[in-house]
There are 2 protein chains.
Amino acid sequence: MVDLVILGSIGLDDIETPFGKVKNTLGGSATYAAYAASFFAKAGIISVIGKDFPEEHYSLLSSKGIDMRGVYQEEKTFRWHGFYEFDMNEAKTLKTELNSLANFQPIVPAEYKSARFVFLANTHPSHQLKVFSSIRKPELVMLDTMNLWITSEKLALLEILKKVDIIVMNDGEARMLFQTVSLVKAANEALSLGPKYIVIKKGEHGALLFTDNKHFNAPGYPLEIIKDPTGCGDCFGGALMGYLAKTRDISEKNIRKAIIYGSIIASYNAEDFSLNRLKNLTIDDIEKRYKEFSEIREF
Amino acid sequence: MVDLVILGSIGLDDIETPFGKVKNTLGGSATYAAYAASFFAKAGIISVIGKDFPEEHYSLLSSKGIDMRGVYQEEKTFRWHGFYEFDMNEAKTLKTELNSLANFQPIVPAEYKSARFVFLANTHPSHQLKVFSSIRKPELVMLDTMNLWITSEKLALLEILKKVDIIVMNDGEARMLFQTVSLVKAANEALSLGPKYIVIKKGEHGALLFTDNKHFNAPGYPLEIIKDPTGCGDCFGGALMGYLAKTRDISEKNIRKAIIYGSIIASYNAEDFSLNRLKNLTIDDIEKRYKEFSEIREF
């Protein structure tokens with residue numbers, strides 16, 4: 001039984017930041033999201049990998065109880081080579097090799113179809129629509145996207161945006177999609193499409209939740225060392241949905257808590273390359289930072 | 001009796017934003033700071049204006065009970081001509097005419113010398129040092145600065161920074177002064193100079209307070225319309241100090257509250273050009289937004 005279905009990419013990354021570089025490291029939106037979700041709930045991935053995908057990466061995901069039955073194997077694994085400059089706010093892409101992702105056709109295993117929670121992480125909108133239509137009766141569906149689909153697949157993206165319960169995107173993406181500098185206006189536009197909630201990720205500045213003329217402001221956690229922000233947005237979404245799947249409470253109040261858990265896992269993720277920090281993360285670490293998140297906004 | 005002494009500029013601004021333009025409008029760091037402070041406490045300005053300074057501007061400040069005995073008149077008023085592009089995060093300067101500010105020699109009236117609160121708003125560090133030395137026994141001194149002094153007067157700036165209780169600056173300025181991308185590291189460097197607190201302003205993303213390995217994260221207030229962000233940082237500092245001067249409580253707990261009041265006045269200030277929004281601002285408006293600030297961070 002899978003609590004949470006996650007659609008997204010699994011890849012191998014080469015990453016350079018001012019604090020070091022790594023090669024052939026485990027990455028991809030579904031990887032980060034599922035790993036983050038696994039602290040809270042049973043996640044199942046829908047994705048594709050190549051025949052070159054290292055066994056150790058596969059084992060790492062399985063060892064966290066992540067269901068891999070929705071991941072098939074074909075050709076070469078998707079690869080991304082990127083770097084960050086000093087301010088670390090934006091990933092610069094040096095090279096993308098789609099490989100097996102180029103002809104990806106999502107396959108939804110029978111065991112996933114009764115899942116109550118679905119996270120359509122960043123992938124092509126047509127894949128998001130396909131998976132959305134395959135889940136029988138989801139309680140809550142959240143969708144993430146990126147600038148690439150906003151510019152190249154806007155109509156398909158708008159079609160699936162109308163169907164989901166929560167949209168999650170970066171501040172820059174929200175401004176781009178709704179062509180306004182005001183996040184309040186962008187949020188109102190997003191809500192007018194149909195979704196009940198929009199979550200706007202602002203990196204180190206935290207996140208905003210908008211619904212029915214109300215909003216919630218989640219603080220960013222100021223880190224002394226940010227080694228690699230890759231996957232933080234995916235961790236945020238994965239942990240958010242994992243927490244909701246665990247608690248089975250989709251009230252606004254609980255979504256606020258879920259956003260804090262998302263922020264916690266994302267903040268830890270930035271402290272080291274790939275999944276290195278999350279590999280050693282304990283429930284105590286998570287609860288310790290939850291307490292800090294609570295204290296830092298008290299007045 | 002003056003509760004709060006404010007050193008800074010008084011000027012005439014020409015401003016263009018995507019939402020309109022104004023000419024010869026009242027501006028300057030001391031103007032915004034004192035006007036914001038006047039909602040809470042009796043402020044006295046130390047500054048200089050020209051003989052061309054419009055009577056209506058002088059009356060406006062006096063009408064709010066702002067003490068102008070520290071403001072002398074000479075030559076022409078300081079003028080700034082700037083604009084904002086679509087993202088509104090950074091003022092671009094088209095022209096600065098220092099005029100009377102070029103030879104400014106701060107004069108501290110006898111009635112100001114026993115003030116308990118001092119806000120050294122953005123001016124030349126040597127003026128800040130002079131005023132600092134003239135106040136007999138201040139309970140709390142806060143200092144603001146800008147990139148210009150960080151690059152051109154770094155040694156003088158560091159000298160005065162060591163003496164004050166609170167440093168307030170933008171995130172970009174903190175990163176520039178302490179040559180690190182990490183705000184946590186910048187804050188630790190600032191605290192190691194001597195001050196008990198550092199407040200980092202992040203514009204629409206709110207503000208951070210750092211002290212003794214603790215921090216506070218004040219949310220930004222998401223505005224639907226931002227017409228003109230000029231003076232928001234000065235309003236933030238002025239209201240923060242005004243609230244502290246009013247309550248005479250300089251505990252960390254109360255400084256957190258003061259930061260929220262600073263954020264409230266700054267958020268209103270951005271809603272219209274010059275002091276236009278603040279002119280019509282009521283105590284009820286302030287308390288209404290305080291309640292909202294409280295609700296938007298609840299989880």
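Two residues are in contact if their C-beta atoms, placed from the backbone, lie within 7 Å. This is a predicted model, in which local features need pLDDT of at least 70 and side-chain atom pairs count only at pLDDT 80 or more, while totals for chains, interfaces and linings use all residues. Residues are numbered from 1 along each chain as its sequence is written, and chains are lettered from A and ligands numbered from 1 in the order in which they are written.

**Exercise 1. Describe the surroundings of A:Arg297.**

Solution. Step 1: A:Arg297 is found in the segment after helix H11 (283-295) of chain A; helices (H or I, at least four residues) and strands (E, at least two) are DSSP runs, numbered from the N terminus. Step 2: a residue is buried if 20 or more other C-beta atoms lie within 10 Å of its own, exposed if 12 or fewer, and partly exposed in between, with C-beta atoms placed from the backbone. A:Arg297 has 23 C-beta neighbours inside 10 Å and therefore counts as buried. Step 3: leaving aside residues up to four places away in sequence, A:Arg297 touches A:Pro219, B:Asn217 and B:Arg297. The C-alpha atoms of A:Arg297 and A:Pro219 are separated by 7.3 Å, although the two residues lie 78 residues apart along the chain.

**Exercise 2. Determine how chains A and B are related, and characterise their contact.**

Solution. Step 1: copies are superposed by least squares on the C-alpha atoms of residues with pLDDT of at least 70 in both. Chain A is brought onto chain B by a rotation of 180° with 0.0 Å of shift along its axis, at an RMSD of 0.0 Å. That is the relation of a two-fold axis. Step 2: of the residues of chain A, A:His205 comes closest to the rotation axis, its C-alpha lying at 3.0 Å. The same surface serves both copies, as 100% of the contact residues of chain A recur in chain B. Step 3: the contact takes 25 residues from chain A and 25 residues from chain B. On the side of chain A that touches chain B, helix H7 (183-192), E13 and helix H9 (252-269) of chain A are the elements that give two or more residues.

**Exercise 3. Trace the pairing of strand E12 of chain A with E11(A) and E13(A).**

Solution. Step 1: two strands pair if DSSP finds at least two bridges between them. Strand E11 (residues 197-201) of chain A pairs with E12(A) in the antiparallel sense over 4 bridges, and A:Ile200 has A:Leu208 as its bridge partner in E12(A). Step 2: E12(A) also runs antiparallel to strand E13 (residues 214-218) of chain A, with 5 bridges joining them; here the bridge partner of A:Leu208 is A:Asn217. Step 3: the hairpin of E11(A) and E12(A) has 5 residues between the strands, and A:Gly203 in its turn has a positive phi of about 60°. In the hairpin of E12(A) and E13(A), with 2 residues between the strands, A:Asp212 takes a positive phi near 35°. Step 4: 4 of the 5 residues of strand E12 (residues 207-211) of chain A are buried, so this strand is largely enclosed by the rest of the structure.

**Exercise 4. Give the strand order of the open sheet of 4 strands in chain A, and identify its edges.**

Solution. Step 1: the order is E3-E2-E6-E7, with mixed pairing. Step 2: strand E3 (20-27) and strand E7 (91-97) of chain A stand at the edges, each with a single partner strand, so one side of each is left without a neighbour in the sheet. Step 3: strand E2 (residues 11-17) and strand E6 (residues 78-84) of chain A run parallel and are joined by 6 bridges; A:Ile15 stands opposite A:Gly82 in E6(A).
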